[in-house]
Amino acid sequence: MSAGVGVDLENLWIRFGDFVAVRDANVHIKGGDFFSFLGPSGCGKTTILRAVSGFLEPSEGNVLIGGNNMKGIGPNKRPTALIFQNLALFPLMKVWENITFSMEIKGASAGERRKRADELLEMIALPDQGDKLPSELSGGQRQRVAIARALCAEPDVLLLDEPLSALDLKLRQHMRTELREIQKRVGITFIYITHDQGEALTMSDDIAVMRAGVIDQIADGKTIYNDPATAFAASFVGENNVFRGKVAKVMGNEVMISTNRSGDLVSRVSTANQGKLNVGDDAMMFIRPEALALAPDGASGDHFVTATVTHEEFEGNVFNIFTEGDGGKEIKVSLPNLGQSFESHTGQPITLEYDSNNAVAVPAGELAAE
Ligand SMILES: Nc1ncnc2c1ncn2[C@@H]1O[C@H](COP(=O)(O)OP(=O)(O)OP(=O)(O)O)[C@@H](O)[C@H]1O
């Protein structure tokens, strides 16, 4: 088992002509971690992966693998292996031959190759499947074979470019667990890129949230979900309700934000922004649908929002109430279904309460597209 080799991006800039695809990225990926770059299409994730694998030279800055600067080192000389969405297994080769293709090129004997293939098949939980053809496996099994093939070359770092996106939803969800388990077993560094927040949250030790070439936040999934650093991170990862306004008062790590429609609201300031929100600043407050609750009649104060219910839906595990709130923006409330009866509120005004610890304020900024 490898101790894991770290990867560092230092002041990395990547330009295509005048277009800046990656802007001053600084990332430290710990050896043996499962690290994800998460962001919408076109934000620069693949470009970063290409710079790590050596298929692209950065315009400025450095890529370090295991502390070694990779400048001028070509892709086949780097201790990395890359897995794409398109697996490209050789259809006429048996599974074990596919897995050990890199050894065959180096002249390893059939006996050695078979032994290594069997070890790797064990690793990906597909023992006894080596003599099949790729077409005799399921999509998820083929994906695991592609991983085994990449691992056979004994990379220090495995780079995965949206490897699950061609699979159907159920399989994709199942493969998250599989991938994470394989990564723990081999103990090498995985760098994963995805636009799917569910994948990033379930598998990663740490996540870099990217927006238009810029890394907004690097943290573990729980921190990004509960304590986002920017309006983009708050709105891209998970569902969130946003309230816009100006900071009316600063009270330690809390602020009071005055909004046009909902009055004054009190919120915790996200950790990354503590001390940075001042009176008069444009701010955004985010509250998750599950952090809002129906308030008892006659509630008042600054932990309450009033809104009019537009429609409701029953989703099985939760009952969703959609309301028109601040500036006509929709506010969603998700109440857990604990077997209680739900009274319809459609068309009625309601009051929603929240705990200021579950609300988070950041400077006003760009929101993720809906
Ligand atoms: N060779 C290139 N020449 C010019 N522009 C490029 C080149 N490669 C990428 N880009 C641009 O750089 C930006 C980032 O591209 P990149 O492929 O890294 O995005 P991404 O986040 O991986 O998106 P997706 O999830 O759609 O793959 C895009 O706007 C893309 O058009």
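Begin with the whole chain in view: the centres of domain 1 and domain 2, taken over C-alpha atoms, are separated by 38 Å. This is a predicted model, in which local features need pLDDT of at least 70 and side-chain atom pairs count only at pLDDT 80 or more, while totals for chains, interfaces and linings use all residues. Residues are numbered from 1 along each chain as its sequence is written.

**The two domains**

Select residues 7-226 for domain 1 and 232-363 for domain 2; these bounds come from an automatic or database domain assignment. Seven residues of domain 1 and five residues of domain 2 make up the contact, where two residues are in contact if their C-beta atoms, placed from the backbone, lie within 7 Å. On the domain 1 side, display β9 (206-211), β10 (214-219) and α8 (221-226), the elements that each give two or more residues to the side touching domain 2. Helices (H or I, at least four residues) and strands (E, at least two) are DSSP runs, numbered from the N terminus. That side of domain 1 comprises three nonpolar, two polar and two charged residues. Here Ala, Val, Leu, Ile, Met, Phe, Trp, Tyr, Cys and Pro count as nonpolar, Asp, Glu, Lys and Arg as charged, and the others, Gly among them, as polar.

**The ligand**

Next, select the ligand and the residues around it: F16, F19, A21, G39, S41, G42, C43, G44, K45, T46, T47 and H195. The most come from α1, with three residues. By class, the shell holds four nonpolar, seven polar and one charged.

Now display α4 (residues 110-123) with α5 (residues 139-152): they pack at an angle of about 130°, with axes 10 Å apart. Axes are lines fitted to C-alpha atoms, for helices over the stretch in contact, and angles run from 0 to 180 degrees between N-to-C directions. The two helices are therefore oblique to each other; angles under 35 degrees count as roughly parallel, over 145 as roughly antiparallel, 65 to 115 as roughly perpendicular and the rest as oblique. To see the contact, select R116, L120, L121 and M123 in α4, which meet A148, L151 and C152 in α5. This contact contains six nonpolar, no polar and one charged residues.

Note on methods. A residue is near a molecule or strand if its C-beta atom, placed from the backbone, lies within 6 Å of it.
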